[in-house]
Amino acid sequence: MINNQTKTNGFILSSVSLGFSTFACLISCIVFVIIIHHLYYNHVKREDKITVVICGHIYLVLLIYSSILISMNIRAILGDLYNQSFDSSWCIFSGYLVLVTLSMLYMNFLNQAFYRLIRIVYYQNQRFQSLKLYIVLPFIEIIILTVILLCVAIPLNAVTYLPNDYFCYATFTNIPGILSIASIVYMGPFCCILFIYIHITRFIHQQGNIQTLVVKQRQSRDLLITRRILIIVSLLLILGIPGMTLIFMFIITGEEHPLLARIAFLPVSASQMGLSVALLFSIPQLKNIALNLRTINTVMPVNQTAPGTVQMRTITGTQ
């Protein structure tokens, strides 16, 4: 059992995390609906459509992930207030689900990085610039990741009910389990994402002196976008730093903080809130979609100079 002060601190951590997750959930839901509407009702170039589809996948996963975190934080708050237990098979299932969803979040960012690598560095390879590929790819990945995670986590009994936190998740004190899951969900995809963007940046700098003016302008734009995306990559890094730090602290000291999971989830909630907003302003296609919402269905005022004058409504938009 934990004392009242620790329970109060846990309540505060869960409440703040709940606010962050709710904000991320609302933004992700709104942007995802806007993306679907834009793809359905507007003509979009193939290159832009692939980028928008990948972003749609990212926001869908953010929506699911933040919804699961909202559920976890609500259970933690109810447990703090009423000392209610939520230990059940559904709880264990949600613990595995949050791991699969988090891994898919990183894999979607890896898909985004891979597409930029193909478009910028290996632009002559048309096989990996197919829209169908990037629509189907997440479904293939989620099947593979689910199988891998279950094959690793179940034998190690990685996901259990945390009585101090009132939800199920990979216990940080199970070192083999948590390190195995962290390698699959976090470290592996993140290292691949970082390597790809470093390779893209080096390629653009190396090609800077031997290209025409038009190509240089395009590569300058690509470099600017890549730098913005690196900000998003840093948010992905923040997602895992607190948890990994607490794991190594436990390995060194052997002492487990009673609110270990909630401390780790606070920056995760903050990072996903930042991701939901940063992605919207870092990707030009998404930014243009958002700006178009301000210009569509704009009514232009017309001065009435005579009886019977007809007022015209002009619909404007930018592509």
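Q: How many residues does H3 have, and how far does it reach from its first C-alpha to its last?
A: H3 has 32 residues and spans 47 Å from first C-alpha to last, close to the 46 Å expected at 1.5 Å a residue. That expected span is 1.5 Å times one less than the number of residues in the helix. Helices here are DSSP runs of H or I with at least four residues, strands are runs of E with at least two, and both are numbered from the N terminus.

Q: Before I go on, what should I know about where these values come from?
A: This is a predicted model, so local features need pLDDT of at least 70 and side-chain atom pairs count only at pLDDT 80 or more, while totals for chains, interfaces and linings use all residues. Residues are numbered from 1 along each chain as its sequence is written, and side-chain values use heavy atoms, with hydrogens and water left out.

Q: OK, back to H3. Mostly covered or mostly open?
A: Mostly covered: 26 of the 32 residues in H3 are buried. Buried means under 20% relative accessible area, exposed is over 50%, and partly exposed is in between, using a 1.4 Å probe and protein chains only.

Q: And H2, what's its reach?
A: H2 has 37 residues and reaches 54 Å between its first and last C-alpha, close to the expected 54 Å. It is largely enclosed by the rest of the structure, because 26 of its 37 residues are buried.

Q: Zooming out, what's the overall pattern along the sequence?
A: It goes α-α-α-α-β-β-α-α-α-α, with eight helices and two strands. Buried residues make up 46% of the 319 in the protein.

Q: How much of the contact count comes from residues 24 or more positions apart?
A: They account for 78% of the contacts with a separation of 6 or more. A contact means heavy atoms within 4.5 Å.

Q: Which residues have the most contacts inside the largest nonpolar core?
A: Phe 109, Tyr 169 and Leu 286, in a core of 81 residues. Helix H3, residues 89-120, gives the most to this core, with 16 residues. By nonpolar core I mean buried Ala, Val, Leu, Ile, Met, Phe, Trp, Tyr and Cys residues joined through side-chain atoms within 4.5 Å.

Q: What does Tyr 169 touch?
A: Leaving out residues up to four places away in sequence, its contacts include Met 72, Val 98, Leu 99 and Phe 265. Phe 265 turns up again with Ser 17, which also touches Asn 73, Leu 266 and Ser 269 by that sequence rule.

Q: Where's Ser 17, and is it buried or exposed?
A: Ser 17 is in helix H1, residues 4-41. It counts as buried, because its relative accessibility is 2%.

Q: Switching to charges: how many salt bridges are there?
A: A search of the whole structure finds two. The cut-off is a side-chain nitrogen of Lys or Arg within 4 Å of a carboxyl oxygen of Asp or Glu.

Q: Which side chains meet at 2.6 Å, N to O?
A: Arg 262 and Asp 80. Arg 262 lies in helix H7 (residues 260-282) and Asp 80 in helix H2 (residues 46-82), so the pair ties together parts 182 residues apart in sequence.

Q: And the other bridge, which residues are in that?
A: Asp 165 and Arg 262, at 3.1 Å, N to O. Asp 165 sits in the loop between strand E1 (159-162) and strand E2 (167-170), 97 residues from Arg 262 in helix H7.

Q: What's the phi of Tyr 166?
A: Near 65°, a positive value in a residue other than glycine. Tyr 166 lies in the loop between E1 and E2 and is buried, with a relative accessible area of 5%.

Q: Last one: which residues form the nonpolar patch on the surface?
A: Among them are Ile 135, Val 136, Phe 139 and Ile 148, and the whole patch has about 780 Å² of accessible area. Patch residues have over 30% relative accessible area and no salt bridge, with like charges joined within 9 Å and nonpolar side chains (Val, Leu, Ile, Met, Phe, Trp, Tyr) within 5 Å. The areas come from the Shrake-Rupley method with a 1.4 Å probe, and for residues only the protein chains shown count as cover. Val 136 is in helix H4, residues 131-156, and is partly exposed at 42% relative accessible area.
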